[in-house]
Amino acid sequence: MKKYFGVLLLAFGLAASVPASAALQIQSWTQADGARVLFVANHAIPMLDVSVQFDAGQRRDPAGKAGLAELAVASLTRGVDGAAPLTEAQILDGFADVAAERHAGAGQDRAGVTLRTLSSATERDAALALLARTLAHPSFPQAGLERDKALAVSGIRAELAKPESIAEKAFMSALYGTHPYAIDATEASIQSITRDDVAAFHRTHYVANRAVIAMIGDITRAQAEQIARQLTQDLPQGAPLPALPEVAQPQGGETRIAHPASQSHILIGAPALKRGDADFFALTVGNYILGGGGFVSRLTDEVREKRALAYSVYSGFSPLAQPGPFQIGLQTKKEQTAQALQVVRDTLAAFLKDGPSAAEMKAAKDNLTGGFALRIDSNAKLLENMSVIGFYNLPLDYLDRWIGRVREVSAADVRAALRKHIHPGQLSTVIVGAE
């Protein structure tokens with residue numbers, strides 16, 4: 001059920017964006033109830049995008065209840081309590097009647113909802129009122145929970161047959177052991193979850209003082225303040241959450257899992273990068289050269305172009321609240337597994353030893369800075385970036401300074417950052433399907 005190597009930016013629908021060359025002018029404040037709010041006014045189109053996120057991701061699943069975070073966020077539209085209770089159909093119709101789009105999901109660290117609505121008062125007020133009720137007063141109907149559990153179990157069973165899913169699960173287990181980042185939902189853990197579990201999880205984690213609200217669209221600062229208060233006014237105050245265990249020092253090693261697939265699925269990596277780490281930009285440039293730049297990366301050149309060992313090969317960092325994974329991935333014919341592994345390891349070792357060339361640095365920085373506009377070319381993408389900034393306490397000028405920070409990276413910075421965060425002897429390797 002987990003998405004281990006997700007993409008930061010997510011797009012849905014048509015939206016106007018703030019020009020990449022303009023300062024984003026994020027306004028931020030903390031409400032009396034403790035909720036953090038980030039707001040950008042954008043009057044280009046009559047739309048409003050809203051995100052409400054909580055420290056309610058999969059890392060907060062209780063022991064033996066993996067999958068609870070995802071069931072809890074899914075439950076928010078299954079029914080609403082109160083003086084005028086609503087069924088799931090009435091909730092969905094309520095959003096549809098005012099042409100509003102609502103989405104929800106849980107990741108490793110955070111969970112929450114997004115809303116896209118017209119900014120005209122009638123439609124906006126109706127959509128926001130309904131969103132606030134679903135956040136604060138879900139009724140957790142048993143029938144809805146049973147349906148969600150059945151869907152989750154079906155998804156888990158399907159994943160068990162897919163070599164890529166098997167590899168991802170084994171990879172995270174190899175990297176994180178008993179840490180919550182490694183604990184994935186099973187059929188047994190899903191079946192053990194009760195309505196009381198979902199209600200308790202919601203009561204503990206969907207609280208005002210840990211809410212992060214992001215808004216971008218056709219409203220004023222005063223309206224944004226009123227909307228933010230509306231979204232959290234019926235949420236309780238939450239007690240401090242228990243500290244999560246530290247991510248253990250990686251030990252490396254190799255895991256081979258038999259599978260009838262015609263190709264081997266290979267993942268190599270280790271816990272490497274926390275969100276907000278000072279080396280982020282140096283690693284972004286370095287990773288582009290190593291395996292993040294598609295057909296112009298070293299891994300692609302060595303593995304695909306020179307030796308035709310794989311159609312694609314990639315590398316990437318996935319920063320989280322605690323060190324998230326550095327990962328290299330590829331698929332190759334079973335009989336080529338050993339050769340492909342050696343080429344990947346040799347390419348990585350050479351890059352760690354010598355670092356990038358001047359030409360590689362220029363190409364990487366030109367591509368990253370030239371493509372930056374595509375990272376913020378819609379309100380939806382900007383909203384997700386603002387949510388990340390708010391949740392992980394990144395600087396408010398993070399996006400404004402992104403291009404400049406990339407341009408400042410030197411080859412020496414890349415070498416130092418890579419050597420600090422990647423240690424070949426500590427990398428775990430998972431191979432699914434090898435002979």
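Trainee: What makes the radius of gyration of the protein agree with that of a compact globule?

Mentor: For 435 residues, a compact globule would have a radius of gyration near 22 Å, and the protein has 23 Å, so the two agree. The radius is taken over C-alpha atoms, and the globule rule is 2.2 Å times the number of residues to the power 0.38. Please note that this is a predicted model, in which local features need pLDDT of at least 70, side-chain atom pairs count only at pLDDT 80 or more, and totals for chains, interfaces and linings use all residues. Residues are numbered from 1 along each chain as its sequence is written, and side-chain values use heavy atoms, with hydrogens and water left out.

Trainee: Which box do the C-alpha atoms fill, and how many helices and strands are there?

Mentor: Along the principal axes, the box is roughly 65 × 50 × 35 Å. The protein has 15 helices and 13 strands; these are DSSP runs numbered from the N terminus, helices being H or I with at least four residues and strands E with at least two.

Trainee: Why is Gln53 called buried?

Mentor: Buried means under 20% relative accessible area, exposed over 50%, and partly exposed in between (1.4 Å probe, protein chains only). Gln53 has a relative accessible area of 6%, and therefore counts as buried. Gln53 belongs to strand E3, residues 47-54.

Trainee: What makes the pairing of Gln53 and Ser51 a polar contact?

Mentor: A polar contact is a pair of N or O atoms within 3.5 Å; within protein, one must be able to donate a hydrogen and the other to accept it, and residues adjacent in sequence count only if both atoms are side-chain atoms. The side chains of Gln53 and Ser51 are joined at 3.2 Å.

Trainee: Which elements do the buried residues of H7 pack against?

Mentor: They pack against E3, helix H1 (68-74), helix H3 (121-136), helix H4 (142-159) and helix H6 (187-192). Among the buried residues of H7 (residues 195-205) are Asp197, Phe201 and His205.

Trainee: Why is Pro250 called buried, and where is its place?

Mentor: Pro250 has a relative accessible area of 14%, so the term buried applies. Its place is in the loop between helix H8 (221-232) and strand E9 (253-257). Leaving out residues up to four places away in sequence, Pro250 touches Ala270, Pro271 and Gln426, where contact means heavy atoms within 4.5 Å.
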